[in-house]
Amino acid sequence: MYGNTSLTAEEAKIVNSTVEDPEKLAEFEARITRGEKIEPGDWMPDQYRKQLIRMIEQHAHSEIVGALPEGTWITRAPNFRRKLALIAKVQDEVGHGQLLYSAAETLGKTREQMLMDLLSGKSKYSNVFNYPANTWADIAVIGFLVDGAAIVNQVINSKGSYGPYCRALERICYEESFHLKQGHDNFVYLATGTKVQRDMLQEALNRWYRPLLHFFGPSDRDSQHSEKLMKWKVKLASNDDMRNQFLDQYVPKILELGLTLPDPELRRGDDGIWVFGDPDWDEFKRVISGDGPCNAERLEVRRYSELAHRWVREALMNPKEKYVTPLA
Ligand code: COA
């Protein structure tokens, strides 16, 4: 899955000792144009490696931080069936973090370093996980719409150029499609339920609308990395294109349930491009720079977990320890 190669930071430097050599760069770009996958031991421009580490690492952090708001509802799920499904989903999300950290490690950054950068605030993770899950309806919105948005992004990027990331994304998408079913079922149940349930869902939807627009990143005009990432087929669609695809797929599903979206300007233009009101990009910037409603709490929980479980990692990574398989 990961090409059976993981580079250390030192090895990565050696592989890239001829950084941006024009001939190597041309051959690399020709491979990408031919649709070949780039594997960990292959030559790659330093910028490609750095961009991939940044993006995959942020994605991995998003999975493990994203498990937190849903995790808080496991003990409060309305019935046993919903509880079982939520436990399985949260476990899957943490597993996705594991897959993605492994994919990022193939590029030469250690998992320890990635986790340290998350805790110090150096690395980002998705804006959407910095909002609270106040009611059970938030779990329906996360399961249906946040996971739906993630699938739009991940299905597109799974066709990209870096082998280990694409293979991890393919596997993640299989599981995400179950999450989406679970979210959709929960969402429709509340939308077609009692007045209290419908109001609760509408209230959650009103709060999630803007963060969901932000999920796909700034507009193409303001995106810093899209041009390079699209040239190298790490991203296969721009932020605006992905956002448009999401609105195309999900707005009709929301409206047909008799729910509304808190944006009087939202409409699909004749050219198929969605028009929406100002999504408050200042809020987006604040949230991704650490000043959202739950950033401090999310990182505090991760810090606690890091400290409380450090002994497990230290024991596992101690080269002097001999592991013995119990016979009985
Ligand atoms: N949440 C947090 N930060 C975001 C963001 C979001 N929803 N969207 C963009 N940003 C950040 C970018 O990381 C970048 O910051 P950085 O330079 O400090 O890393 C900055 O905003 C500018 O954005 P842009 O140039 O458009 O970044 P990008 O080309 O990497 O595109 C994504 C942003 C999210 C579309 C892209 O990184 C991606 O597809 N990531 C993989 C999927 C993923 O992480 N999903 C999240 C959870 S499932």
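Which residues in helix 3 meet which residues in helix 4?

1. This is a predicted model, in which local features need pLDDT of at least 70, side-chain atom pairs count only at pLDDT 80 or more, and totals for chains, interfaces and linings use all residues. Residues are numbered from 1 along each chain as its sequence is written.

2. Ile53, Ile56, Glu57, His59, Ala60, Glu63, Ile64, Gly66, Ala67, Glu70 and Gly71 in helix 3 meet Leu86, Lys89, Val90, Glu93, Val94, His96, Gly97, Leu100, Tyr101, Ala103 and Ala104 in helix 4 (contact: C-beta atoms, placed from the backbone, lie within 7 Å). This contact has twelve nonpolar, five polar and five charged residues (Ala, Val, Leu, Ile, Met, Phe, Trp, Tyr, Cys and Pro count as nonpolar, Asp, Glu, Lys and Arg as charged, and the others, Gly among them, as polar).

3. The ligand is surrounded by 24 residues, and the closest are His59, Ser62, Gly217, Ser223 and His225 (near: C-beta atom, placed from the backbone, within 6 Å). Helix 3 gives the most to this shell, with five residues. By class, the shell divides into seven nonpolar, 14 polar and three charged residues.

4. Lysine 233, in the loop between helix 9 and helix 10, has a positive phi near 55°.

How values were computed. Two residues are in contact if their C-beta atoms, placed from the backbone, lie within 7 Å. Helices (H or I, at least four residues) and strands (E, at least two) are DSSP runs, numbered from the N terminus.
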